[in-house]
Amino acid sequence: MEESAIPSLLIVQLCTSLLIALQDHRVCIILSNLTFQSAKAKMWSLQNLLFILCIVLRCVTSAVGVIHVTGYVGREVNVSCSYNEGYESYEKYLCKNDCGSDDVLITTSNSSKNKYRIQDDKTARIFTTTISDLQSVDAGKYWCGVSRSGKDIYTEVELKLVSDSCCDTVTKVQSYEGYSESLSCQYESQYQNSLKYICRGNRPSTCLQQALITSDTKRNGRFRLDDDKVLGTFTVTINSLTQNDSGSYLCGVQRNSDLDVFSAVELKVEEWCCVKSTKINGTAGHPLTLQCPYPSQHRDNRKFLCKGDHRNNCSDMVTSQSRFTLQDDAASSSFIVRITKLEAADGGTYWCGSDSQWRVGNYTKIELSVCLHCTSNVSLGTTAETQRTQIPGKAVTDTVYVLL
């Protein structure tokens, strides 16, 4: 046997294996033609032919790689497969296992069947199968098929399923009503230019569709998003917090070729007023004096007593009512507010404090009830004690309520 004939036999054997794997005989025809021509001309060596074969095999292998798709259990996923020009009018389908007649799940001639839907974009030459209500049994190997005479064209698809929940690690943040709070979300450097967003809940599959704000919008009502690409952190600031803002949040980073990346934050917004609160009864026509403590570092701050159901909407009684007077006692780190003659309309909610920023712990909430003949002057709050005493130099009937 001549040396030039050896490559021909070898190529035929390799082409047979290649034919089974690719189900396309065109590569073998090309290689066989090259082999026979080289044998006749005696210009090709075994090494040259094997070198060419390796290059062709490498190109073909990369062109028919496996399509990896990941979906969420209980949701739906799209499986998209491209095809070559000239096959626009051919029937396409999705199948499993050996792709026998019983393994075909959906075809373009019957575009909706059970949990499967299929669409063929002939302009882009891509057909897409949607699988809904994903369950664990749906994970595994699929084939995108194009029907034709002889062997059909197949593309392998590997479907992986993950739970529609997140995450193993949760960052906990605590704040108070009316405050602004920033939620920080870290990401890896390769996602610097990717879309960032945040949503309520812990379901990744619908997070982007229900996003409160994205890096494209940057501002949306009470929400603001800032992206520090150097540190690899984007921050979402929520203004004017309410208790309804408490709950789970997901920080998302979009990935076009795979599922988005998420991190979880748990936000707890507490009622601002509940750090210190107390209830007091006063008698109409009688004076009432309140002694409000403040932190020593607030010695030079303006002190005040305001009235209103909410701290963000209350009126300063000392500046608006002549019956209310305020005296600062720096030695005891407290200030005294005296009401010379209580009226029925004086009943309600008061706030005494020394911090214009309304930080928790620097204010006391007072619920004052005014009655004609009170039998009990004090009702203790849950987090603050109230003490009845007398002001030195004052008449015995002038009573002070010291709010501790």
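This report covers the fold content, confidence, aromatic pairs and backbone exceptions of a predicted model.

## Overall content

The protein chain holds 4 helices and 29 strands. Of its 404 residues, 39% are buried. Contacts reach across the sequence: among those between residues at least 6 apart, 62% join residues at least 24 apart.

## Confidence

The mean pLDDT of the chain is 81. A value of 70 or more is reached by 75% of the residues. Residues 1-44 have a pLDDT below 50. This stretch still has 44 contacts in the model beyond near neighbours in sequence. Residues 376-391 also have a pLDDT below 50, and this stretch has 47 contacts beyond near neighbours. Where pLDDT is low, predicted coordinates should not be read in detail.

## Aromatic pairs

The whole structure contains 10 aromatic pairs. One of them is F304 with Y363. The ring centres of F304 and Y363 are 6.0 Å apart and the planes meet at 50°, so the pair counts as tilted. The pair links distant parts of the chain: F304 is in strand 21 (residues 304-310) and Y363 is in strand 26 (residues 363-371), 59 residues apart. F304 is buried at 6% relative accessibility. Y363 is buried too, at 3%.

F324 and Y350 form a stacked pair. Their centres lie 6.5 Å apart, with 25° between the planes. F324 belongs to strand 23 (residues 324-329) and Y350 to strand 25 (residues 348-353), so the pair ties together parts 26 residues apart in sequence. F324 has a relative accessibility of 2% and counts as buried. Y350 is buried at 1%. Elsewhere, ring pairs link Y93, W143 and Y154 into a cluster.

## Charges over rings

Q291 lies in strand 20 (residues 288-293). Its relative accessible area is 18%; the cut-off for buried is under 20%, so Q291 is buried. The side chain of Q291 makes a polar contact of 3.0 Å with the side chain of S334. Leaving out residues up to four places away in sequence, Q291 touches S332, S334, F335, I336, V400, Y401, V402 and L403.

## Backbone exceptions

Most residues other than glycine have a negative phi, and most peptide bonds are trans. The peptide bond between C166 and C167 is cis, with omega about 10°. C167 is in the loop between strand 9 (153-162) and strand 10 (170-176).

C99 is not a glycine, yet its phi is positive, about 60°. It lies in the loop between strand 3 (92-96) and strand 4 (104-107). C99 counts as buried, at 13% relative accessibility. R125 also has a positive phi without being a glycine, about 55°. R125 is in the loop between strand 6 (116-121) and strand 7 (126-131). At 28% relative accessibility, R125 counts as partly exposed.

Definitions and conventions. Residues are numbered from 1 along each chain as its sequence is written. This is a predicted model: local features need pLDDT of at least 70, side-chain atom pairs count only at pLDDT 80 or more; totals for chains, interfaces and linings use all residues. Side-chain values use heavy atoms; hydrogens and water are left out. Helices (H or I, at least four residues) and strands (E, at least two) are DSSP runs, numbered from the N terminus. Buried means under 20% relative accessible area, exposed over 50%, partly exposed in between (1.4 Å probe, protein chains only). A polar contact is a pair of N or O atoms within 3.5 Å; within protein, one must be able to donate a hydrogen and the other to accept it, and residues adjacent in sequence count only if both atoms are side-chain atoms. Contact means heavy atoms within 4.5 Å. pLDDT is the predictor's confidence in each residue, from 0 to 100. Rings of Phe, Tyr and Trp (its six-membered ring) pair if their centres lie within 6.5 Å; planes under 30 degrees apart count as stacked, over 60 as edge-to-face and the rest as tilted.
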